[in-house]
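Here's a quick walk through a two-chain model, starting where the chains meet and then taking each one in turn. Have the sequence and the 3D view open as you read.

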Amino acid sequence: MNSNDQYDYAEHLAQIPHSNALGLKMLSFSDDKCELSIPYAPHLVGDPETGVVHGGAITALLDNAAGMVARPVDMPRDTASIATLDMRIDYMCAAAPNQDIIAHAHCFKRTKNVAFVRAVAYQQNMDDPVATCTATFMLGTRNKAFATTS
Amino acid sequence: MKFLEQLRNEGRGQDLEAIINHIPYAKFLGLQVEQQGNEVITVLPFQDHLVGNTTLPAIHGGAVGAMLEMTALLQLLYDTQCQGLPKTIDVSIDYLRSARGTTTYGRAIVTRRGRRIANVRSELWQEQRDKPVAACHGHFLLKPATS
């Protein structure tokens, strides 16, 4: 029912409050690859004297891109979810101010339970990354609201 | 970072609240800081814009990662009394539990501080300190090489 052709990934991204607050944009999506961008914005800055974006914003961008591509397209969205197990990020250089940062994520292996993803964050050239990332995701965790604690 | 130099000159090299207020991204997240002796505790009150999964609901993994990194950096700034803003080299994050829609707390330990590199571990918890929601270890460059 949620085939790749029918599901609106850009709309899905816009519905995630934190992604929306960060201003994340969907650039492209396929079964095993996706590209998201984060437009430069003043509230993302980590060092006001240089205007360089905070590493945390890049973490959020990479996590979002990696998570979206990890999920098998035929996994039912209403009942099943995925969970990030771990994520390692290497920061290669400071991102240039006033420029978008793009995350390119590639899910290179899915087993029954786990998806393995590599991602890079870059600005002008994918071969000159701002950051690289390796992440693993648990597939098919339950997607059910938590019981409210009194 | 001129701001850190200024703080240090004013004898406020360990005034982390002033630093947080100076970082736009920390303000965007709504991060706060409490100092208990030599331990720095970061506090992230829950806000709707932090949500990554609306069904559960749970805080976005990116916000969790950002808080882990910020907690490590703040403990490092405190320990070094703001001798410059450390640069993050890498972080390895373990997501242990869903971070739910409530206040999140963070702490960090500098496991080794060398001349150029520091190793820092940080962790976040919510209702129970012995049930962390995420843990991280990272490497930070203390004195960027001057060429």
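## Where the chains meet

Chain A puts 35 residues into the contact, and chain B puts in 34 residues. Keep in mind that this is a predicted model.

On the chain A side, the elements that give two or more residues are helix 2 (17-22), strand 3 (45-47), helix 3 (55-70) and strand 5 (80-91). Strand 5 of chain A brings the largest share, with 10 residues.

## Strand to strand

What does strand 5 of chain A pair with in chain B? Its partner there is strand 5 (residues 87-95) of chain B; the two run antiparallel and are joined by 5 bridges. To find your place in this pairing, look for A:Arg88, which sits opposite B:Ser92 in strand 5 of chain B.

## Chain A on its own

Chain A is built from 3 helices and 8 strands. Going from the N terminus, the order is α-α-β-β-β-β-α-β-β-β-β. Its radius of gyration is 16 Å, close to the 15 Å that the globule rule gives for 150 residues, so chain A is as compact as a globular protein of that length.

Along the principal axes, the C-alpha atoms of chain A take up a box of roughly 45 × 40 × 30 Å. Of the 150 residues in chain A, 37% are buried. Take the contacts in chain A with a separation of 6 or more, and 62% of them are between residues 24 or more positions apart.

## Chain B on its own

How many helices and strands does chain B have? The count is 4 helices and 8 strands, laid out along the sequence as α-α-α-β-β-β-β-α-β-β-β-β. A compact globule of 147 residues would have a radius of gyration near 15 Å, and chain B agrees with that at 15 Å.

The C-alpha box for chain B comes to roughly 50 × 30 × 25 Å along the principal axes. Buried residues account for 44% of the 147 residues in chain B. For contacts in chain B between residues at least 6 apart in sequence, 62% link residues at least 24 apart.

Key. Residues numbered from 1 in each chain as written. Chains lettered and ligands numbered in written order. Predicted model: local features only at pLDDT ≥ 70, side-chain atom pairs only at ≥ 80, totals over all residues. Rg over C-alpha atoms; globule rule 2.2 N^0.38 Å. Buried ≥ 20, exposed ≤ 12 C-beta atoms within 10 Å, placed from the backbone. Contact = placed C-beta atoms within 7 Å. Pairing = 2+ DSSP bridges.
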